[in-house]
Amino acid sequence: MKKHLSILLIVCAFVVSSCAGKKEVMEKLSDYVNPNIGSVHSRWFFYTPGAVPFGMAKLGPSTNGSYGNANGWEAVGYEDNHNSIEGFACFHEFQIGGVMLMPIVGALKTTPGTLENPAEGYRSSFKKENEYATAGFYHVLLDKYETKVELTATDRVGYQRYTFPQSEESYILFDIGNKLGESGAVSDAYIKVVDETTIEGYVVTKPEYVKKYQPDATVNMYFYAKLSKPFNDVKTFLRADSVSSTREIKGVGACLAVQYETAADEQITVQIGQSYTSIENAKQNYEMEATDRSFDMVKEDASLRWNDMLGRVKVEGGRRDDRVKFYTGLYHALLGRGLANDVNGAYPKNDGTVGLLELDEDKQPAFNYYNTDAIWGGYWNLTQLWALAYPEYYSDWVQSQLLVYKETGWLGDGIANSKYVSGVGTNFTSLAIAAAYNCGIRDFDYRLGYEAALKNEIDGQNRPAGAGKLDVAAFVERGYCPYIPSDDYFITKQDEGSVFGASHTMEYAFSSYAVAQFAKSLNNEADYQRLSKMASNWENLFDTETELIRPRMLDGNFLPNFDPMAAWAGFQEGNAIQYTFYVPHEPGKLIDKVGSDVFNDRLDSIFVRSQKNTFGGGKTVDAFAGVHALYNHGNQPNLHISWLFNFSGKPYLTQKWVRTICNEFYGVDGLHGYGYGQDEDQGQLGAWYVMAGMGLFDVKGLTQIDPQFQIGSPIFDRIEVKLNKEYYKGDKFVIEVANNSPENIYVQSLSKNGTAQQSVSIPFADVVNGGVLKLEMGSEPNLDIRQ
């Protein structure tokens, strides 16, 4: 029943010339992946090179993960500009972090130390020239210990290999009982020596978002570790406390270190089976995925898997930096939202118990269950990419969401071990389910999916905070969500309206449209009519005086003393200028309200001015640096705006500005990767670059009954998408781009499977049925090209 394709090594052959003649060099697509790009001010789950696509075991170095974060979302974990490492963590997910290991040589210290004073703890400095990261592998030389660390992983087993110097005091530290990344405070932890090569344990955490939405819930992580060499001695301690020689320790702060006498360049490998359900299942995950498999074998397999998945979309041409941006973005899109079930199908349920996935005839899980951040904005990047090239993952994602619905009666927004972790207080899960169905991904219980999606759009009664959309009843009954000012931007319970009433109105209108299409597909005409009317509720906030979206108050009047540039004043992570364009499902209506000429002039001028501040927050390093700007590419509500010219008669301006954003917002270094310290949110900004680089995008997030892509300005000369035959008719879809260059950004002509067209639209079905789209590019716009 599971639709996973076989693992193949996908390589690209590049012919290069030299003075000695021509030679062929085989290059893997992962050679273009640089995980360090954009890692300054990045989130906890961003930097985990020791992982496979969508894996549970996500290994990476921690430079400040032990600092935690106050609100559960701030940048913490690894930053490219830091120069010391405190350890190497195994769990990296939204609101989930734990199980950190660290090799130590010499005196054993009981605190990690700080970035400012690394010598006071067990952290070690390192030099950037001694660090290397790619998809599936990481290594670094720790200066303090003269020890090399290498990381890789299977789906559920993390591998750490240490090359020690000669020493009578070499340690491997298991730092388990302390907050890490987004884990929040630790409420319990346990570590036990089973024998001289086996250590097991768990950590129980209270992430900030779980505390907010399910105060009594916890997130649990379990591990079962096998050492390649028996140790000589064991030390246990609570962080910053005295050291003992017991063989187990329990409680907050629990740490355990095993001691070795090592020869020069001696290697010791630790294989860490991981689980969210039990130590026994962590052991079974280890036995199924890691028994008799060396570090080098797993490293090679991880590379094969990454190149197989990256190879679903192969590009040729463009500048090398373009390919680096493209495949690093694709890597990030395939890294987040990781596996949460064990090999036997066990998975963590919302109520804290353990569930069991349906098993197929081979006693394997019929689908995989995944943790996930909110899908807020993901329909303008991730779900489009999943639908096109990774539909089997999209299907699993939907089924994962429906597990929570079946258990609780509500769709979650984000979920961490099935616990509600509503990142932004809204909920677009219903839109993403509807889009999957309308794209032809239907191997889930779509009638249950429709039931859940409809409820998500219309039902506010007894709605739990973790399901988001707490003001949805006001939207349904009033036709808009009233703006109720508050100093608490993260207020969770206001039935009559909310502090983000205006942006919620825009968002709920869009998701109503999506579920209306779902209803029509299933011949639910009454629901279709009702939801379609709700889809136009955004018009109730359109102020004809300012020709902008303007918050309405509880009394029905528009917000007085209206400042269109004021961030957070009725708009979540944005302002009225940005959210006025948030009508992706009915762009024609929005354009008609001001006229196409005025619309185009205003939008074009916004991009002209926004180019001066790198399309958002300029060089300010902050996730919210651009919320006060005219346009903010670093945040989700803006990501469709540059494509709206396709609907206003000037698609060449979409071609111009999308290509410019790709060139200037995105970079190839630690600081300038995704803007400057912007919030990449589990691959969303990377996936946007991937779609834009291919020249395919849908403003409507593939939510129409017959979805269509809009065509932009492909960066590359040839793009080949490998299609999943278990979902789609075609083998591959190819885009061939003639006369392409950094200067030739405008489409001159289009043909699909040999038939010329002037429209920049192409049905999703035509793409996944396979074929060839040919584009001719030039340096001047072709004004005859239309939507």
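How many salt bridges does the count come to? By the rule used here (a side-chain nitrogen of Lys or Arg within 4 Å of a carboxyl oxygen of Asp or Glu), the count comes to 30.

A quick word on the ground rules: this is a predicted model, where local features need pLDDT of at least 70, side-chain atom pairs count only at pLDDT 80 or more, and totals for chains, interfaces and linings use all residues. Residues are numbered from 1 along each chain as its sequence is written, and side-chain values use heavy atoms, leaving out hydrogens and water.

Here are some of those salt bridges:

| Pair | N to O distance |
|---|---|
| Arg 161 and Asp 296 | 3.1 Å |
| Glu 266 and Lys 229 | 2.7 Å |
| Asp 233 and Lys 235 | 3.5 Å |

Helices (H or I, at least four residues) and strands (E, at least two) are DSSP runs, numbered from the N terminus. Arg 161 is buried at 9% relative accessible area, while Asp 296 is partly exposed at 43%. Buried means under 20%, exposed over 50%, and partly exposed in between (1.4 Å probe, protein chains only).

Now for strand β5 (residues 87-93): seven of its seven residues are buried, so β5 is largely enclosed by the rest of the structure. Strand β3 (residues 60-62) runs antiparallel to β5, joined by three bridges, with Pro 61 opposite Phe 88. Strand β6 (residues 96-105) also pairs with β5 in the antiparallel sense, over five bridges; pairing takes at least two DSSP bridges. Here Ala 89 stands opposite Met 100.
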